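Open the model in a viewer and keep the sequence panel in view. The stops below are given in the order in which to select them.

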Amino acid sequence: MGIRAERQQIFNYSDVYKNISFSSTENSFSFTGELKEWENVEITSRIFYKKLEALLYGKEIRAKMYDDFIIKMLTSLNQKEDSILDVIKRHDYSIESLHSFFMEVFDFVYFSVKKQLPYTKHLSLISNAISELLENTFKYSSRRYHITAVLDKEGDYPLNIFVENVYEGDDTEKISENIQALRRGIDEVNSYSTPEEAYFEIMKNRLENSVDENGEAVKTSRLGLAKISADTRSRISLETTSKHLGGNGITIKVSIPLELYSPEYFNEIIEDSLKRS
């Protein structure tokens with residue numbers, strides 16, 4: 001990626017973030033926005049990743065995870081000749097030098113501590129699932145969305161994520177067709193005994209029936225839903241209402257099983273990683 005493209009990506013991220021409304025409690029977060037461009041899907045899923053990270057680890061542990069390791073790295077960098085800190089002190093920096101610095105910080109934190117903690121893989125898979133649902137928001141709805149994530153320490157599915165969309169327009173028949181197709185897809189995915197079986201069987205069916213009798217490609221949205229369920233081992237459900245967007249709204253609920261850990265457990269891993277890094 002060139003310098004201009006990197007700079008534009010940073011500006012786009014900032015623009016998307018500023019146009020999102022956030023709220024949070026100790027056990028939940030939510031935000032509302034609009035996908036004005038296709039690129040906003042990836043940016044929004046990254047924002048979701050960071051919010052979910054704070055929810056799963058807790059804000060204090062997340063701050064410790066980054067702050068303590070960044071301080072250690074900065075101390076280490078300051079002992080090198082002509083480190084990135086020297087460049088910044090001289091005001092002799094560019095987008096390349098700052099990008100290099102932040103990538104070093106990210107790599108240091110990731111390989112020193114994040115890979116040792118639970119949820120590292122979960123965060124990526126869940127964020128990819130939300131990205132898939134946001135793609136459908138961009139393609140099939142008004143592109144407005146509301147996302148809520150709730151962490152409930154009781155039950156087999158402690159993490160519940162709600163993605164709300166709204167359909168606009170006067171073609172009520174088409175809207176009804178889209179919603180019913182989505183419901184059929186979710187029902188099919190949930191009809192199998194395990195998410196892995198659902199993904200395998202739906203993938204197999206798609207390969208065996210990829211074209212119709214006229215040689216035309218057969219379109220199906222079930223594979224994306226099956227992949228979400230298999231990747232996150234979740235249960236997916238649909239409500240034909242939207243609490244926050246109203247109108248012809250829908251809410252897709254993704255219920256995810258997670259093993260929960262105490263802050264003390266996270267802190268022990270971080271402290272041990274600090275000693276070894």
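Which residues are exposed on the other side of α10? First, the ground rules: this is a predicted model, in which local features need pLDDT of at least 70 and side-chain atom pairs count only at pLDDT 80 or more, while totals for chains, interfaces and linings use all residues. Residues are numbered from 1 along each chain as its sequence is written, and side-chain values use heavy atoms, with hydrogens and water left out.

Select helix α10, residues 263-276. Helices are DSSP runs of H or I with at least four residues, strands are runs of E with at least two, and both are numbered from the N terminus. Color F266, I269, I270, S273 and L274, which are buried (under 20% relative accessible area; exposed is over 50%, partly exposed in between; 1.4 Å probe, protein chains only). They cover an arc of only 135° around the axis, so they sit on the same side of α10; the arc is taken from the directions from the helix axis to the C-beta atoms. On the other side, E264, E268, K275 and R276 are exposed.

Next, select strand β5, residues 235-239. I236 and L238 form its covered face, and R235, S237 and E239 the uncovered one. E239 stands opposite T251 in β6.

Last, show L52, which touches F29, L123, I126 and L159, leaving aside residues up to four places away in sequence (contact: heavy atoms within 4.5 Å).

Methods. Expected span 1.5 Å × (residues − 1). Pairing = 2+ DSSP bridges.
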